[in-house]
Amino acid sequence: MKKRFKAVSFIIVAMMFLSLLVACKDNSSSGGGSGGKSSKVSVGIVLPTKDEPRWVQDEQRFKDALADSEYTTEILFSQGSSAKEKENVETLLNKGIEVLIISPHDGEAAGAAVEAAKKDGVTVIAYDRLITNTDAVDYYVTFDSVAVGAAQAQYLVDQAEGTNVPLYLYAGAASDNNAFLFFEGAWSVLQPKIADGTFKIANSSEAEGLKDKAELSRDEMSKILGQVTTNWDPNEAKNKAQTHLTAAGADLKGNVAILAPNDGTSRAIADVFATDGDITSYVISGQDAEKASIQYIIDGKQSMTVFKDVRTLVKDAMGMAIDILDGKTPETTGTYDNGSIEVKAKQTDVIVVNQENVKKELIDSGYYEASEFTGL
Ligand code: BGC
């Protein structure tokens, strides 16, 4: 089963959100606008958890984008539980939503929730994470997740010096389709560099066993993820990193490279490596441009992050939702196979950020305020 983006060849309408902004007037972001169309909620938004800054940021960016909208919306969090997620969807269905924007906690388990929404005639937009093995998904707005993993890996390759650099692999949660896309992208760049002796795998016998395969099946990736998953949990990441370093001999210490799947897990893993006296230096990846990781990058404690401009994803999702409410067909740029159907998708590019361009990409661009950081 391949869940990759297939691009189609028509021109992307890049400024969709401009027209959205013009069309928008009056709304409170969660709970509905005072002068809105009616008291019912038009668009329901369900996000996976408030425990990670990434998703709190999405909430804030939705609120910013909706500040002047005439459409009523409500944002609910599932707190890492598929049961809570289903309950959230039902709550929103009872409020009469016409469009559901949902980032699933577990891509497969969310099938039941979106099938209930479809039964109610609601249009379903998967947001950032694909919902798999169901035909009840109408659209998907996402970043180029394979490119995220490839960018993380390329950074490690570019910084690697000499041969036999110990490579520590970590991955996201197997319940999240993105974890596979990130790993697939990373593996495509790392595998040739493992094969040519630049890197030696430090912490996964499954990856070691597959090191001669340029392309891995989903089952093969599952085996590696089974050993090196963080479950998107910084504590799990920290525990795994400690276990790995305790088991590692001198040949797996020194100057090392670490594939960390996102910023939360990257900081946790970096903290463990930084306190091991036998680690001379480490290069570590991340993604999400979380504020705490931007500070880590400024301080030289995290090497890079992949900046995914959430404002664009929010624009795309709300632009689609408004098109649907207005009876128009949303623009898409390709499709993703979710194991059951080809889901029409709109995909956004990502930007690699390190110490050199952090100010330009994240401060000068207005994404964050300089005052939120020290030592810029
Ligand atoms: C998202 C990442 C996020 C991770 C953990 C992924 O699906 O794409 O941005 O860091 O989930 O929440």
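The C-alpha centres of domain 1 and domain 2 sit 29 Å apart in this predicted model. Domain 1 covers 36-137 + 310-348, and domain 2 covers 145-308 + 353-372; these bounds come from an automatic or database domain assignment. Residues are numbered from 1 along each chain as its sequence is written, and side-chain values use heavy atoms, with hydrogens and water left out. Local features need pLDDT of at least 70 and side-chain atom pairs count only at pLDDT 80 or more, while totals for chains, interfaces and linings use all residues.

Now for how the two domains meet. On the domain 1 side, 15 residues are in contact with 14 residues of domain 2, contact meaning heavy atoms within 4.5 Å. About 1300 Å² is buried between the two, with carbon and sulfur atoms giving 37% of that; buried area is the accessible area (1.4 Å probe) that two parts lose on being put together, summed over both. In domain 1, Arg54, Arg129 and Arg311 lose the most area to domain 2, and together they make up 31% of what that side buries.

Polar links also cross this interface. The rule finds 8 residue pairs in polar contact there, both residues at pLDDT 80 or more. A polar contact is a pair of N or O atoms within 3.5 Å; within protein, one must be able to donate a hydrogen and the other to accept it, and residues adjacent in sequence count only if both atoms are side-chain atoms. There are also 2 salt bridges across the interface, each being a side-chain nitrogen of Lys or Arg within 4 Å of a carboxyl oxygen of Asp or Glu. Arginine 129 pairs up with aspartate 176 in a salt bridge, their closest N and O atoms being 3.2 Å apart. Helix H2 (53-66) and helix H12 (310-325) are the elements that give two or more residues to the side of domain 1 touching domain 2, and H2 gives the most, with 4 residues. Helices (H or I, at least four residues) are DSSP runs, as are strands (E, at least two), numbered from the N terminus.

Then there is the ligand. It has 13 residues around it, of which Glu52, Arg54, Asp128, Asp176 and Asp288 come nearest; a residue counts as near if one of its heavy atoms lies within 4 Å. For aspartate 288, a side-chain N or O atom is 2.6 Å from a ligand oxygen. Tryptophan 55 places a polar side-chain atom 2.9 Å from an oxygen atom of the ligand.
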